[in-house]
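Morning, everyone. Let me put the model on the screen and walk you through the fold.

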Amino acid sequence: MTTETTTETTTETSTETNSCRRLVGRTAVITGAGSGIGLATARRLASEGARVVCGDIDETAGKAAAEEVGGTFVRVDVTDPEQVDALFKTAYDTYGSVDIAFNNAGISPPDDDSILTTGLDAWRRVQDVNLTSVYLCCKAVIPYMQRQGRGSIINTASFVAIMGAATSQISYTASKGGVLAMSRELGVQFAREGIRVNALCPGPVNTPLLRELFAKDPERAARRLVHIPAGRFAEAEEIAAAVAFLASDDSSFINATDFLVDGGLSGAYVTPL
């Protein structure tokens, strides 16, 4: 009897999710769309009716994502201003609007560690991909949204933008703090033009990037996991659901904020035994 009840509940939830079509007629641009949170978000936004432009530096993964969701692929190095401009121009030229920008591309390389061991090259590389790219994407997309008089920009920050960690990734942490501060400022600056800008702050997410990092250092994974009240890492689909909410009119009065999706991590003093 328990099994039957669980199956029915799951089916109902799935049906409700699939019937939620909040983004029909809107165009969404996603960077880092080929894997992890980006791929899960491409699937979710498409399921809600959005026309999705998948930007990624990996042509194979990016094309596969675009084909799966019936969208458009654009190869983009998010640290290159001309390629970023071309990404959003393609979205506009193809679909006639740019309504949602999920600026999500990022890296977390193993040579970004303690400030005592992280070299300047590693620092700059992470800053370029994680922070400068968000600056470039926002700079490119805002003029389209100004002309439309509407738009939602969601920038991927992290829970480390508001918390410190003894297991440091110094450039990653600093870059995500920059994303949060920039998002807040842009949200305030452009609010009266109908443009909302929010920083999505996920906790640790079960993605290939995280799995690769923690596979090399299981002790680091265990040390982090113990701090999450939920007792697990997030799934990419859970973060995608938050993006869909921020992209939709359901979040019309949410702007210039840090939107935490961290399983309670940032609110915990101690976690359950």
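One term before we start. Buried means under 20% relative accessible area, exposed means over 50%, and partly exposed lies in between, with a 1.4 Å probe and protein chains only. Now the ground rules. This is a predicted model, where local features need pLDDT of at least 70, side-chain atom pairs count only at pLDDT 80 or more, and totals for chains, interfaces and linings use all residues. Numbering runs from 1 along each chain as its sequence is written, and side-chain values use heavy atoms, with hydrogens and water left out.

Helices here are DSSP runs of H or I with at least four residues, strands are runs of E with at least two, and both are numbered from the N terminus. Two strands pair if DSSP finds at least two bridges between them.

Strand β1, residues 27-31, pairs with β2 in the parallel sense over 5 bridges. Ala28 has Val52 of β2 as its bridge partner. The chain gets from β1 to β2 through α2, and this β-α-β crossover is right-handed. Right-handed has a set meaning: with the strands pointing away from the viewer, the path from the first strand over the helix to the second runs clockwise. Next, β2 and β3 pair in the parallel sense over 4 bridges. Asp56 stands opposite Arg75 in β3. The chain crosses from β2 through α3 to β3, again as a right-handed β-α-β crossover. Why call β2 largely enclosed by the rest of the structure? Because 5 of its 6 residues are buried.

Now α3 itself, residues 59-69. Its buried residues include Gly62, Ala65, Ala66 and Val69. These four cover an arc of only 95° around the axis, so they lie on the same side of α3. The arc is that of the directions from the helix axis to the C-beta atoms. The general rule behind this: an α-helix has 3.6 residues a turn, so residues three or four places apart point the same way. On the other side of α3, Thr60 and Glu67 are exposed. What covers the buried side? The cover includes α2 (36-47), β2 (51-56) and β3, where contact means heavy atoms within 4.5 Å.

Look at the ends of that helix. At the start of α3, a side-chain oxygen of Asp58 comes to within 3.1 Å of the backbone nitrogen of Thr60. Just after α3, Gly70 takes a positive phi of about 70°.

Over to β6. Is β6 mostly covered or mostly open? Covered: 8 of its 8 residues are buried. One side holds Ile195, Val197, Ala199 and Cys201, and the other holds Arg196, Asn198, Leu200 and Pro202. In a regular strand, side chains alternate between the two faces of the sheet. Strand β5, residues 151-156, pairs with β6, residues 195-202, in the parallel sense over 6 bridges. Ile154 has Asn198 as its bridge partner, and Thr156 has Leu200. The chain crosses from β5 through helix α6, residues 170-189, to β6, and this β-α-β crossover is right-handed. On to β7: β6 and β7 pair in the parallel sense over 4 bridges. Cys201 stands opposite Leu260 there.

Ser152 is in strand β5. Ser152 counts as buried because its relative accessibility is 2%. Leaving out residues up to four places away in sequence, Ser152 touches Asp99, Ile100, Ala101, Met145, Arg196, Leu246 and Ala247.

Second, Ala256, in the loop between α9 (236-247) and β7. Its phi is near 60°, a positive value in a residue other than glycine. Most residues other than glycine have a negative phi. Ala256 is buried, at 18% relative accessible area.

Third, Ile115, in the loop between β4 (100-103) and α5 (120-148). Ile115 counts as exposed, at 61% relative accessibility. How far apart are Ile115 and Ile170? They are 55 residues apart in sequence, and 5.8 Å apart in space, C-alpha to C-alpha.

Definitions and conventions:
A polar contact is a pair of N or O atoms within 3.5 Å; within protein, one must be able to donate a hydrogen and the other to accept it, and residues adjacent in sequence count only if both atoms are side-chain atoms.
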